[in-house]
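Biologist: I would like to learn how to read a helix and its surroundings. Can we work through a case together?

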Amino acid sequence: MIIHDYTANEDVLLQRLQDGDEKALGALMKLFYVPIYNYACRFSQDEQLVKDCIQEVFISLWQRRDSATAISSPKYYLLRAVKNKIVKAIGKNAKTINSGSLDEYDFKVEFSTEYMLIEKQISAENAARLLEILSQLPARQKEIVYLKFYHQLDHEQIAALMNINRQSVYNLLHESLQKLRKFWQQELITSVVSFGSFMIHLF
């Protein structure tokens with residue numbers, strides 16, 4: 001009797017999924033449900049709608065399991081799939097998404113203070129001030145920051161997920177960083193705030 005380890009890496013789980021192993025699907029759900037749920041909630045506060053869309057995404061993944069090993073990044077694949085489901089469900093069509101208009105696109109995100117208080121590199125007071133600046137970023141910049149630093153997606157994945165070109169990703173990240181730097185200068189903060197690994201990995 002063969003006993004599989006369902007804490008195995010993503011590639012192994014995808015191979016088992018392609019082989020028709022339902023437990024591998026369950027392992028992938030356990031691994032990625034929370035991050036894709038959190039991402040989906042950025043587009044809709046309708047909890048039932050979000051859960052239904054996620055369920056449909058995993059059902060679709062199972063139905064298309066014959067090509068599962070062609071998926072290079074399960075997390076990116078699932079984030080993109082659930083975004084498409086949510087956006088369609090709330091009535092935004094592909095034309096709006098692909099138009100490249102930063103003003104039309106709605107992305108709700110609240111950055112947590114706890115995320116910024118890593119290793120006490122930033123005070124609670126300054127974290128609150130920085131949160132205020134982040135909340136003022138345009139929707140697209142918020143989404144890029146969220147995808148880059150909460151989900152650790154690379155620039156190509158972000159560009160594909162947001163239906164913009166790679167240069168736009170660089171530009172929007174740069175604009176976001178400039179606003180953050182301006183904030184720190186105005187507050188006369190001389191220490192370099194890493195914001196976790198936030199700024200170190202911007203470029």
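Biologist: Which residues of helix α1 are buried?

Modeller: This is a predicted model. Helix α1 spans residues 10-18, and its buried residues are L13, L14, R16 and L17.

Biologist: Which helices do the buried residues of α1 pack against?

Modeller: Their partners are α2 (22-40), α3 (47-63) and α4 (74-89).

Biologist: What caps the N-terminal end of α1?

Modeller: Look at N9. One of its side-chain oxygens lies 3.1 Å from the backbone nitrogen of D11. Then go just past α1: G20 has a positive phi of about 90°.

Biologist: Next, R166. Is R166 buried or partly exposed?

Modeller: The cut-offs decide: buried means under 20% relative accessible area, and exposed means over 50%. R166 has 38% relative accessibility, so R166 counts as partly exposed. R166 belongs to helix α10, residues 166-186.

Biologist: Which residues is R166 in contact with, leaving aside neighbours within four places in sequence?

Modeller: The contacts are H155, E156 and A159. H155 is 11 residues from R166 along the chain, yet their C-alpha atoms are separated by 6.4 Å.

Biologist: Which side chain makes a polar contact with the side chain of R166?

Modeller: That of E156, at 3.0 Å.

Note on methods:
Residues numbered from 1 in each chain as written. Predicted model: local features only at pLDDT ≥ 70, side-chain atom pairs only at ≥ 80, totals over all residues. Heavy atoms only, no water. Buried < 20%, exposed > 50% of the residue type's maximum accessible area, 1.4 Å probe, protein only. Helix = DSSP H or I, 4+ residues; strand = E, 2+ residues; numbered from the N terminus. Contact = heavy atoms within 4.5 Å. Polar contact = N/O pair within 3.5 Å; in protein donor to acceptor, adjacent residues only side chain to side chain.
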